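Subject: Structure handover

Hello,

The structure we discussed is below, with the sequence. My notes on it follow.

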Amino acid sequence: MSQSIYQKAVESYRLGNFSEAESQYKQVLQTQPQHILAQVSLGFLLEQQHRLPEAVNAYKNALALHPEPNITAQTLNNLGNIFRVQGELKQAIQAYQQALKIEPERATTQFNLGQTLYQLGKFDHAIRAYQAAVKANPQFTQAYLHLAAALFETDRLIAADNVCQQLLQMTPQC
């Protein structure tokens, strides 16, 4: 039964009925507190609604259930994003690094780590994170742009230009 309620919650979310989806996710969790996908989905819904403290709690509850590695890595990435938005940059870095211990090739997490390090002015570390993001996903244009910016910040102008040239070759319509 709770699986069908979960499916209804997913459909409600897809249709933009967020309060209904939230209610349905919570209903699933009342009857099946170990339902990891309902917990993560609730966290994501709350995050999208900018209800960040509630989203953090939902994600932490999900992590306490010891989900499979890919769900753990994505949940940690989502937590890192919330911490970064809240200005808790050290916590964001810790969350991203934990996620990358599980899935080191996760390009979005590498990119998010780079963004946070860039915010802190740790450009060399940000460069390494952006490079890892590009290596994991060679089509990740945003990572190329930010890599070029970080290289520029460290006066590596030729390297920044090379990255821009790579990006232009990837997107000739620019």
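A residue is called buried here if its relative accessible area is under 20%, and exposed if that value is over 50%. Please keep in mind throughout that this is a predicted model.

Overall

The chain has 10 helices and 0 strands. Of its 174 residues, 44% count as buried. Its C-alpha atoms fill a box of roughly 60 × 35 × 25 Å along the principal axes. Among contacts with a separation of 6 or more, 43% are between residues 24 or more positions apart.

Helix α2

The buried residues of α2 are A21, E22, Q24, Y25, V28 and L29. Viewed down the helix axis, the buried residues of α2 fall within an arc of 165 degrees, so they line one face of the helix. On the face turned away from that buried side, α2 carries the exposed residues S19, Q30 and T31. As for length, α2 covers residues 18-31, and its 14 residues should span 20 Å at 1.5 Å a residue; the end C-alpha atoms are 20 Å apart, which agrees.

Helix α5

How many of the 17 residues of α5 are buried? The count is 12, so α5 is largely enclosed by the rest of the structure. The buried residues of α5 are I71, T72, A73, T75, L76, N77, N78, L79, G80, N81, I82 and F83. The cover over them includes α3 (36-48), α4, α6 (89-102) and α7. From its first C-alpha to its last, α5 reaches 24 Å, close to the 24 Å expected for its 17 residues at 1.5 Å a residue. Just after α5, G87 takes a positive phi of about 80 degrees.

With α4: helix α4 (residues 52-64) and helix α5 (residues 69-85) pack at an angle of about 155 degrees, and their axes are 10 Å apart. Angles over 145 degrees count as roughly antiparallel, so α4 is roughly antiparallel to α5. The crossing of α4 past α5 is left-handed. On the α4 side the contact is made by L52, A55, V56, Y59, K60 and L63. On the α5 side it is made by T72, T75, L76, N78, L79, I82, F83 and V85.

With α3: the packing angle between α3 and α5 is about 20 degrees, with the axes 11 Å apart. Angles under 35 degrees count as roughly parallel, and α3 and α5 are therefore roughly parallel to each other. Their crossing is left-handed. I36, L37, V40, F44 and E47 of α3 make this contact with I71, T75, N78, N81 and I82 of α5.

Helices α8 and α9

The crossing of α8 and α9 is left-handed. From α8, the contact uses F123, I127, Y130, Q131, A133 and V134. From α9, it uses A143, Y144, H146, L147, A150, L151 and E153.

Loop residues

Most residues other than glycine have a negative phi.

- H66 lies in the loop between α4 and α5. Its phi is near 55 degrees, a positive value in a residue other than glycine. At 69% relative accessibility, H66 counts as exposed.
- D155 is in the loop between α9 and α10 (157-170). D155 is not a glycine, yet it has a positive phi of about 60 degrees. With a relative accessibility of 65%, D155 counts as exposed.

One more loop position is G121, in the loop between α7 (107-119) and α8 (123-136). Is G121 buried, exposed or partly exposed? At 37% relative accessibility, G121 counts as partly exposed, because that category lies between the 20% and 50% cut-offs. G121 and A62 are 59 residues apart in sequence, and their C-alpha atoms are 32 Å apart in space.

Regards

Methods
Residues numbered from 1 in each chain as written. Predicted model: local features only at pLDDT ≥ 70, side-chain atom pairs only at ≥ 80, totals over all residues. Heavy atoms only, no water. Helix = DSSP H or I, 4+ residues; strand = E, 2+ residues; numbered from the N terminus. Expected span 1.5 Å × (residues − 1). Buried < 20%, exposed > 50% of the residue type's maximum accessible area, 1.4 Å probe, protein only. Arc of directions from axis to C-beta. Axes fitted to C-alpha atoms, helices over the stretch in contact; angles between N-to-C directions. Parallel < 35°, antiparallel > 145°, perpendicular 65-115°, else oblique. Left-handed = near helix turned anticlockwise from the far one by under 90°. Contact = heavy atoms within 4.5 Å.
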